[in-house]
Amino acid sequence: LAEAPGDEYVVAHNRLSGWTGMPSVLGWVGHELQWRGDIPEIWRRREDLERIYTSNDPNEVSSLLWRYGVSYLVIGPHERELYDLTLEHEQWYATFLRPVFGRGSLRLYRVSGH
């Protein structure tokens, strides 16, 4: 899953990976630091997630999603707030990803081939 990294013990953060057991690109940064130490991979993944949610280049986004083996892109309240997503940017994902779920404020986009 690609979902925004969260803060420790905030139920609304990393909810889909936590509830489903599907791995995410990056979970709670504080826990990653606690268990893995301050390794460059944590910060690289955080920057890559920011690019996934803020880039206007579908090739860049697709490449990053493939790099991490992402099957679903998550857009919910946390992603909207953290990355200041506009409705136009959210709808833009449907030009190269397949919308597969939408209810309330949650949207899931399927990455083709995964």
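This passage describes the overall fold of a predicted protein model and then one of its helices, H4.

Residues are numbered from 1 along each chain as its sequence is written. Local features need pLDDT of at least 70 and side-chain atom pairs pLDDT 80 or more, whereas totals for chains, interfaces and linings use all residues, and side-chain values use heavy atoms, without hydrogens or water.

The protein chain holds 6 helices and 3 strands. Both are DSSP runs numbered from the N terminus: helices are H or I with at least four residues, strands are E with at least two. Their order along the sequence is α-α-α-α-β-α-α-β-β. The chain has 114 residues, of which 40% are buried (under 20% relative accessible area, 1.4 Å probe, protein chains only). Its accessible surface is about 6,500 Å² (Shrake-Rupley method, 1.4 Å probe). Carbon and sulfur atoms make up 52% of that surface. Among contacts (heavy atoms within 4.5 Å) with a separation of 6 or more, 53% join residues 24 or more positions apart.

Helix H4 spans residues 58-67, and its buried residues are Val61, Leu64 and Leu65. These residues line one face of the helix, because they fall within an arc of 100 degrees seen down the axis of H4. The arc is taken over the directions from the helix axis to the C-beta atoms. An α-helix has 3.6 residues a turn, so residues three or four places apart point the same way. The buried residues of H4 pack against helix H3 (40-54) and helix H6 (87-92).

Both ends of H4 show local features. At the start of H4, a side-chain oxygen of Asp57 lies within 2.9 Å of the backbone nitrogen of Asn59. Just after H4, Gly69 has a positive phi of about 65 degrees.

Key: Buried < 20%, exposed > 50% of the residue type's maximum accessible area, 1.4 Å probe, protein only. Polar contact = N/O pair within 3.5 Å; in protein donor to acceptor, adjacent residues only side chain to side chain.
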